[in-house]
Amino acid sequence: MLRYDPLTPEQRSERMSRVRAADTKPEMLVRRMAHALGFRYRLHVKTLPGCPDLVFSSRRKVIFVHGCFWHQHGCGRYRMPRTRKRFWNKKLKTNVQRDAENYNQLAGAGWEVLVVWECEVADPVRLVGTLTSFLRCV
Ligand SMILES: [Zn+2]
């Protein structure tokens, strides 16, 4: 079968490289780790506050994988935009407030919450330890 390919080889390889990048993003790593540790979970449960990324229903635990910039991690491993500062300050502040509300609501309903930060992926050994102790302890 002959199929018309609208992409040049350069465009295709660029697109493929993005696919791989998507697979290695922090959330995918956390998913793979949790799976490898033997835990089963549901993804992006919209009925829970904040739509947690990984939901371990029987353990009543959830994990959020957060980007350091979007959720304003204290690590400071990101650069604040230089333009439209007021817009960004307001938007990011709203994100942080919404996060706090979601954690409170989840905790109020008996869920334990773990936030994995994007920057923590740089130390996979430590991250496995964090996941293990969070998920194993009752
Ligand atoms: Zn961070």
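Author: Let us begin with a term: a nonpolar core is a set of buried Ala, Val, Leu, Ile, Met, Phe, Trp, Tyr and Cys residues joined through C-beta atoms within 7 Å. A residue is buried if 20 or more other C-beta atoms lie within 10 Å of its own, exposed if 12 or fewer, and partly exposed in between, with C-beta atoms placed from the backbone. This is a predicted model, in which local features need pLDDT of at least 70 and side-chain atom pairs count only at pLDDT 80 or more, while totals for chains, interfaces and linings use all residues. Residues are numbered from 1 along each chain as its sequence is written.

Reader: Which residues of the largest nonpolar core touch the most other members?

Author: Of its 13 residues, those are V30, A34, L54, V62, I63 and V65. Two or more residues each come from α2 (26-36), β2, β3 and α4 (124-136), and the largest share, four residues, comes from β3. Helices (H or I, at least four residues) and strands (E, at least two) are DSSP runs, numbered from the N terminus.

Reader: And what does L54 touch?

Author: Leaving out residues up to four places away in sequence, L54 touches V30, R31, A34, Y41, L43, V62 and I63; contact here requires C-beta atoms, placed from the backbone, to lie within 7 Å.

Reader: Back to β3, then: how many of its residues are buried?

Author: Six of the six residues in β3 (residues 61-66) are buried. K61, I63 and V65 point one way from the strand, whereas V62, F64 and H66 point the other way. In a regular strand the side chains alternate between the two faces of the sheet.

Reader: Which strands pair with β3, and in what sense?

Author: Two strands pair if DSSP finds at least two bridges between them. Strand β2 (residues 54-56) runs antiparallel to β3, joined by three bridges, with F56 as the partner of K61. Strand β4 (residues 112-117) pairs with β3 in the parallel sense over six bridges, and there V62 stands opposite V113, while I63 has L114 as its bridge partner.

Reader: Changing topic, what sits in the turn between β2 and β3?

Author: The two strands form a hairpin with four residues between them, and R60 in the turn has a positive phi of about 55 degrees, although R60 is not a glycine. R60 is exposed, with 12 other C-beta atoms within 10 Å.

Methods:
Contact = placed C-beta atoms within 7 Å.
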